[in-house]
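Subject: Structure handed over, with notes

Hello,

Please find below the structure we spoke about. My notes follow it.

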Amino acid sequence: MVELSTINMIIKIYALAGFCVAAYAFYAETSLENDPDFKPLCDIRDYVNCSPAFQSPYAKGFGIVGYVFGEDVFFNVPNGLVGMIFYTVSFLLSFSNNEKIVNAQYYLAIASNASTVYLAIVLAFVVGELCLVCLTTYVINAVSLLCVSSKRCRLTRNRNGCKTKGD
Ligand SMILES: C/C(=C\C[C@@]12O[C@]1(C)C(=O)c1ccccc1C2=O)CCC[C@H](C)CCC[C@H](C)CCCC(C)C
């Protein structure tokens, strides 16, 4: 039986890791824009590099904000920045065991995994290069969703479609 406090601890560790990876993506994205000599650490070799992803139209506002509202709208920010905000919010929400807050945390985790699926499809079929920083965020989002959903089940017992041992 995993303690609730342990689950919250694991969520915090993943949120912290996600924040660091997203911060690096943000740093690399903006550096690539401003410095023609900048080379990200995740540019390892042919097909294993992140610059093509970071320099693609999908690196800002998921490629959707710019398409809908125009590239220059103020909230068309790099995905890395959205990620930094998202991981900060998940970190803060993991301090609470309030049912409403945990539900919010759960739906946020589902939204982040929906964007993971979208970004992974774009990465594989449009960008066509292996971006390790991107992959890392996908793994972090998946593990976080598992932790958050087990936290939610622990708090709501048999409701919300959660299975309990012995049922
Ligand atoms: C570093 C990061 C994603 C990596 C990457 O985006 C990068 C950098 C990119 O350039 C790219 C280009 C082409 C294809 C794929 C990619 C990516 O893969 C961030 C995840 C963000 C996470 C998935 C946030 C989800 C947010 C929720 C939808 C809710 C937002 C609400 C909050 C602001 C409170």
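F62 lies in the loop between α2 and α3 (65-69), where helices are DSSP runs of H or I with at least four residues, strands are runs of E with at least two, and both are numbered from the N terminus. F62 is not a glycine, yet its phi is positive, at about 60°. This is a predicted model, in which local features need pLDDT of at least 70 and side-chain atom pairs count only at pLDDT 80 or more, while totals for chains, interfaces and linings use all residues. Residues are numbered from 1 along each chain as its sequence is written, and side-chain values use heavy atoms, with hydrogens and water left out.

Not counting residues up to four places away in sequence, V82 touches F62 and V77; a contact here means heavy atoms within 4.5 Å. V82 and G61 are 21 residues apart in sequence, and their C-alpha atoms are 8.1 Å apart in space. V82 counts as partly exposed, because its relative accessibility is 30% and that class lies between buried (under 20% relative accessible area) and exposed (over 50%), with a 1.4 Å probe and protein chains only.

Y47 is another non-glycine residue with a positive phi, of about 70°. Y47 sits in the loop between α1 (4-34) and α2 (51-54). With 56% relative accessibility, Y47 counts as exposed. Y47 is touched by E129, and so are N49, P52 and L123, leaving out residues up to four places from E129 in sequence. E129 itself is in the loop between α5 and α6 (132-156). From E129 to E33 there are 96 residues in sequence and 19 Å in space, C-alpha to C-alpha.

Overall layout

The protein chain has six helices and zero strands, so the order of elements from the N terminus is α-α-α-α-α-α. Its C-alpha atoms fill a box of roughly 60 × 35 × 25 Å along the principal axes. The chain has 167 residues, of which 40% count as buried. Among contacts with a separation of 6 or more, 65% are between residues 24 or more positions apart.

On charge, the protein chain carries 12 positive and 12 negative side chains, with the centres of the two sets 21 Å apart. Lys and Arg count as positive and Asp and Glu as negative, while His and the chain ends are not counted. Each charge is placed at NZ of Lys, CZ of Arg, CG of Asp or CD of Glu.

Aromatic rings

There are seven aromatic pairs in the structure. Rings of Phe, Tyr and Trp (its six-membered ring) pair if their centres lie within 6.5 Å; planes under 30 degrees apart are stacked, over 60 edge-to-face, and the rest tilted. One of the pairs is F69 with F75, edge-to-face, at 5.1 Å centre to centre and 70° between the planes. F69 is exposed, with a relative accessible area of 52%, and F75 is partly exposed at 34% relative accessibility. F86 and Y87 form an edge-to-face pair too, with 5.0 Å between centres and 65° between planes. Both members of this pair are buried: the relative accessible area is 18% for F86 and 5% for Y87. Ring pairs also link Y24, Y27 and F38 into a cluster.

Two charged ends sit over rings. That of K12 is over the ring of F95, 4.2 Å from its centre, and that of R152 is over the ring of Y106, 4.0 Å from its centre. The criterion is NZ of Lys or CZ of Arg within 6 Å of the ring centre and within 35 degrees of the ring normal.

Around V102

R152 is also one of the contacts of V102, along with S96, N97, K151 and L155, leaving aside neighbours within four places in sequence. V102 belongs to helix α5 (residues 99-127) and is buried, at 1% relative accessibility. V102 and L155 are 53 residues apart in sequence, with 8.6 Å between their C-alpha atoms.

Regards
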